[in-house]
Amino acid sequence: MNETDEALAVRLAEAAGVILLGLREAGELTGKALGAAGDRDANAMLCRELRAARPDDAILSEEEKDSAARLSHSRVWIVDPLDGTREYGEGRSDWAVHVALAVDGVAAVGAVALPGLGLTLTSGTPLPLAPASRPPKMLVSRTRPAAEAVHVAERMGAELVAMGSAGAKAMAVVRGEADIYLHTGGQYEWDNCAPAAVAAAAGLHVSRADGSPIRYNNANPYLPDLLICRRELADEVLRLAASYRTDVAD
């Protein structure tokens with residue numbers, strides 16, 4: 001094993017980005033057809049290379065048929081070949097490639113490529129955090145902002161910033177473009193494992209929306225919610241998110 005897990009994750013995330021940019025620049029496909037082709041081609045490369053480089057590890061990919069056999073593995077690669085298919089198909093830059101390694105349920109290694117921006121962020125070389133925004137900036141979906149996130153933002157006086165894929169939003173917090181990413185609309189493990197690893201390595205708060213830790217390689221890969229934010233804001237965000245859930249329940 002000459003190549004470290006970190007180097008492997010970065011190499012494959014960037015290679016997938018090259019494939020995706022090449023498909024888009026060829027101009028032969030657009031919209032949903034382009035997204036489907038990108039998912040297919042990037043996934044095929046990622047799974048092929050992971051099996052060659054780490055034959056004893058398991059793989060969980062959005063575009064690959066799942067197998068319960070992964071549950072008996074300590075090391076599981078969790079990948080999303082194209083996070084933000086809509087944005088990719090629309091020619092935008094807010095989409096990503098996720099390559100992560102979960103070890104015993106913890107997001108241990110992550111690389112998030114942002115090919116449209118020419119950037120790759122990794123858990124191995126975390127960026128220094130920029131100063132916080134005043135007022136804080138909170139990321140929401142550009143197509144379906146979650147009511148819980150809007151509730152929290154209103155009470156914190158935070159500025160809402162609409163953005164595409166989960167990876168792009170999480171990396172915007174890492175890069176200092178925003179301060180809070182609260183998602184409560186449902187995701188899957190491949191949507192946030194790599195972003196969670198990168199964000200945690202950068203010193204950000206990473207948890208479920210109730211403050212509990214995120215565990216990976218579950219039998220059901222669905223993950224209802226996620227919070228990535230600056231540590232000094234975490235307690236207030238978690239308190240307001242809990243108050244929203246109480247209000248809704250009442």
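# Notebook: a walk through the fold

**Overall.** I counted elements first: the protein has seven helices and twelve strands. My counting follows DSSP runs, with helices as H or I of at least four residues and strands as E of at least two, numbered from the N terminus. Next I checked the radius of gyration, which is 17 Å, close to the 18 Å of the globule rule for 250 residues, so the protein is as compact as a globular protein of that length. That radius is taken over C-alpha atoms, and the rule is 2.2 Å times the number of residues to the power 0.38.

This is a predicted model, so I keep in mind that local features need pLDDT of at least 70 and side-chain atom pairs count only at pLDDT 80 or more, while totals for chains, interfaces and linings use all residues. Residues are numbered from 1 along each chain as its sequence is written, and side-chain values use heavy atoms, with hydrogens and water left out.

**Size and surface.** I read the C-alpha trace as spanning about 50 × 40 × 35 Å along its principal axes. The accessible surface is about 10800 Å², with 51% of it on carbon and sulfur atoms; the areas come from the Shrake-Rupley method with a 1.4 Å probe, and for residues only the protein chains shown count as cover. Among contacts with a separation of 6 or more, 65% are between residues 24 or more positions apart, a contact being heavy atoms within 4.5 Å.

I started at strand 6 (residues 137–141), which pairs in the parallel sense with strand 7 (residues 159–163) over five bridges. Pairing here requires that DSSP finds at least two bridges between the strands. Between strands 6 and 7 the chain passes through helix 4 (residues 147–156), and this β-α-β crossover is right-handed. Right-handed means that, with the strands pointing away from the viewer, the path from the first strand over the helix to the second runs clockwise.

Strand 6 also runs parallel to strand 8, joined by two bridges, and Met-138 has Ile-180 as its bridge partner in strand 8. On its other partner, strand 8 runs antiparallel to strand 12 (residues 226–229) with four bridges, where Ile-180 stands opposite Cys-229. I looked at the side chains of strand 8 (residues 180–183) too: Ile-180 and Leu-182 point one way, Tyr-181 and His-183 the other, and all are buried.

**Val-237.** Which residues does Val-237 touch, leaving aside neighbours within four places in sequence? I found Val-152, Met-156, Ile-180, Leu-182 and Leu-227. Val-237 sits in helix 7 (residues 231–249) and is buried, at 0% relative accessible area.

Helix 5 (residues 166–174) is mostly covered, with nine of its nine residues buried, including Lys-169. Just after helix 5, Gly-176 has a positive phi of about 85 degrees.

In helix 6 (residues 189–201), eleven of the 13 residues are buried, so the helix is largely enclosed by the rest of the structure. Glu-189, Trp-190 and Asp-191 are among the buried ones. Gly-203 follows helix 6 with a positive phi, near 95 degrees.

Notes:
Buried means under 20% relative accessible area, exposed over 50%, partly exposed in between (1.4 Å probe, protein chains only).
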